[in-house]
Amino acid sequence: MTLTWHAAESASFHDAYVDFSWMLRQRRQPPVGTDVYQPIFVRLTACADEKSARKQRLRLRKLVETPAEPLLMEPFELSVLRRRCHLPDPDAGLPDEYPIYRALGTPDDAFADLFEVLDDGTPVALDPSSVDLDAAESLQPARETRRKEKGQPIVAVIDDGIGFLNARFCKARRKGRGTALKTRFEAIWLQALERAGPGDRSACLGEVLERRQINALLGREGLNETGEYTTLNARLARADARRSTDFGTSHGTHVLDLAAGSEPDDRDNPARDWPLLGVQLPPQAIADTSGTKFESYLVDAVRWVLRRAEAMDPRAPVIINLSLGMLAGPKDGTRFAEYQVAREARFWEQVKGQPVRVVWSFGNDYRKRLVAGLSYPATKARSDSEQSIEWRVQPGDLTESYVEIRAEPGQPLKALEIGVTTPSGLSSGVSGLKPGEVRNLTKGDQVVARIYHVPEHRLDPDTLQRNFYLLALAPTASLDLEPLVPSGAWHLAFRYDGCAALDLELQVQRDDSLVGYRAGARQSYFESPEGYGWNQEFFDYTQLGPDCAIKYAGSHNALATALTRQVFHVGAVRRDVHDDRLPPSDYCGEGAAWSVPGPTVSTIADRSFLRGGVQGCGTLSGSTRFLNGTSAAAGRLSRALALSSKELVANATTPHLADFNTKRVSLSPVSETDRARLGSHVVML
């Protein structure tokens, strides 16, 4: 079949990533059943008074509880909505914003008088034939309880693979003449792909295990941690999903240990008394390293953590560790997941008065050649306005590949034209697209590549998601019978005829396979002849030249850019003891003038140039592993904040550094040359 470029045409989409990936999924793995719903996040229309707002909530509640209507809610969120339908509103002051599910195909304006859609996610099939009603019921929120450990910081981790039975997350309590382990977890939400709930009127996201249930497992004679995880995973996760707690190493376990782990009988370790919350994201969402599948689950998780923390101790500081991310994005705080997480934390502090700190890892993609920049200086007239770059797409890639093209803040894209040439030389021609238009590359009658011009979208009166171009490619290999794109060098050409300055930021979206996952992804990257100078640090030819379009600046996590007092972005440091230095770890991302200047602070994540990682526990009790990356750095910073919990206050107006108790942790200033990767200080534990 031949490849053919088509002319620009109007298209209906909200999230271009979701639109393209969902189109491809229909070819290789259509959803099971007919009950296909799309997760969306909505904001109810503003009302002048509380009585009118209550009517809006009652109307939404009726819609999601009525079988004939196309809307559903997750049970915990439905309980939140039901509470807010009473007068007085127990959450008065919090925004009327809710994650719901909308039947696929429902028009965007079907409920425009009730709510606006802020974001949408990947559609899911709710197959009622596979429902375990007992498991579905366990997602109902438990009766609120108050813990005895008043005033202790609450540490929460939202991650993949959390070994919640590990003794590092327990306390030893006397039992007769001996001791017994009691969990420090108040609850853990083991998320899984949505299933239809009781009566087919909800979308259940796995199970919540309460403290008493975890203690019952811990109290079993001859506890077999591996067997318990295997049983749970078999019930929750499909056979094709990676069940991380079935393995000796799991990311969430290690990160939580760095954040709040302690030996059960170590009375000298303050972490032993810290209560815990956990959310284990669906493995399918984690496997997609582009980040497009985990955003809705992540926002749900943060909202759940805050409400559970309030039930535990409404004045205790809440520290939420998020060692997750993506590479490409606006990097100005407007990517929806980042925007909403920061918004939830900020409003929670303002309304509830409970301190919240969110810890994001700054990213590990410094040397991967995923960011480039092209500049057009201001001029009265342009004689030669064409520039280009090569995008190298690898063979054997079973997943989609993406490149984002964005203008720096304050610069318009309207005079920019884009052309794409395949490795075989088939050119789309250089042309412009209006916002909301696409150009398709087809193989036979199937779309295999698409150029999107994503229009701007306003999240609130002060927050605008700027328009940008997205280039999307189908896989270069497949285990299914589907049309593919050729691997090799894709040529991206740009023509700009405007007179104002235009600085283009090009970003390849992260697309690799995490250790143990079977996504079959292979990372694409930018290519440049100026990108292979001699690198004195690594003794190889990987140094980017001064005139190279590929950049280190901007290689940080696209979800670590919200400049909100409640949020910390964490870089990774290598401890070179012999040189008495604290340089950035090789992989640690770098800030940029067009984004954030760098992380907030950093912590040590590597022991030396040759010995990477810091020690933490494996999945099973008694096992140890070494983990590096800014994930490890984030875990250590979460511990530093918990150690400094008495300094954490709601609605703080002081600098971020005021959160640290310098009697518990020390702050080492960072040299000006390293601040784009390490922030202002290294926090030492």
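Leaving out residues up to four places away in sequence, Val 42 touches Asp 96, Glu 97, Tyr 98, Ile 100, Phe 115, Glu 116 and Val 117. The model is predicted. Val 42 belongs to strand β3, which covers residues 36–44. Its relative accessible area is 0%, so Val 42 counts as buried. One of the residues it touches is Ile 100; Val 42 and Ile 100 are separated by 58 residues in sequence, yet their C-alpha atoms are 7.4 Å apart in space.

Helix α3 spans residues 75–84, and eight of its 10 residues are buried, so the helix is largely enclosed by the rest of the structure. The buried residues are Pro 75, Phe 76, Glu 77, Leu 78, Ser 79, Val 80, Leu 81 and Arg 84. Among the elements that cover them are the helices α2 (50–65) and α9 (295–312), together with the strands β5 (97–103) and β13 (203–204). At the N-terminal end, α3 is capped by Glu 74, which has a side-chain oxygen 3.1 Å from the backbone nitrogen of Phe 76.

A charged residue provides the next case. Asp 503 lies in strand β28, formed by residues 502–508. Asp 503 is buried but has no salt bridge. The nearest side chain of opposite charge is that of Arg 382, at a distance of 8.8 Å. The side chain of Asp 503 does make a polar contact of 2.9 Å with the side chain of Ser 375. Apart from neighbours within four places in sequence, Asp 503 is in contact with Leu 374, Ser 375, Arg 406, Ala 407, Glu 408 and Gln 411.

The distances given for individual pairs are collected here.

| Pair | Distance |
|---|---|
| Val 42 and Ile 100, C-alpha to C-alpha | 7.4 Å |
| Glu 74 side-chain oxygen and Phe 76 backbone nitrogen | 3.1 Å |
| Asp 503 and Ser 375, side chains | 2.9 Å |
| Asp 503 and Arg 382, side chains | 8.8 Å |

The protein chain as a whole contains 12 helices and 37 strands. Its radius of gyration is 25 Å, close to the 26 Å given by the globule rule for 685 residues, so the chain is as compact as a globular protein of that length. Along the principal axes, its C-alpha atoms fill a box of roughly 85 × 70 × 50 Å. Of the 685 residues, 60% are buried. Among contacts with a separation of 6 or more, 76% are between residues 24 or more positions apart. The accessible surface is about 27300 Å², and carbon and sulfur atoms account for 50% of that area.

Key. Residues are numbered from 1 along each chain as its sequence is written. This is a predicted model: local features need pLDDT of at least 70, side-chain atom pairs count only at pLDDT 80 or more; totals for chains, interfaces and linings use all residues. Side-chain values use heavy atoms; hydrogens and water are left out. Helices (H or I, at least four residues) and strands (E, at least two) are DSSP runs, numbered from the N terminus. Buried means under 20% relative accessible area, exposed over 50%, partly exposed in between (1.4 Å probe, protein chains only). Lys and Arg count as positive and Asp and Glu as negative; His and the chain ends are not counted. A salt bridge is a side-chain nitrogen of Lys or Arg within 4 Å of a carboxyl oxygen of Asp or Glu. A polar contact is a pair of N or O atoms within 3.5 Å; within protein, one must be able to donate a hydrogen and the other to accept it, and residues adjacent in sequence count only if both atoms are side-chain atoms. Contact means heavy atoms within 4.5 Å. The radius of gyration is taken over C-alpha atoms; the globule rule is 2.2 Å times the number of residues to the power 0.38. Accessible areas come from the Shrake-Rupley method with a 1.4 Å probe; for residues, only the protein chains shown count as cover.
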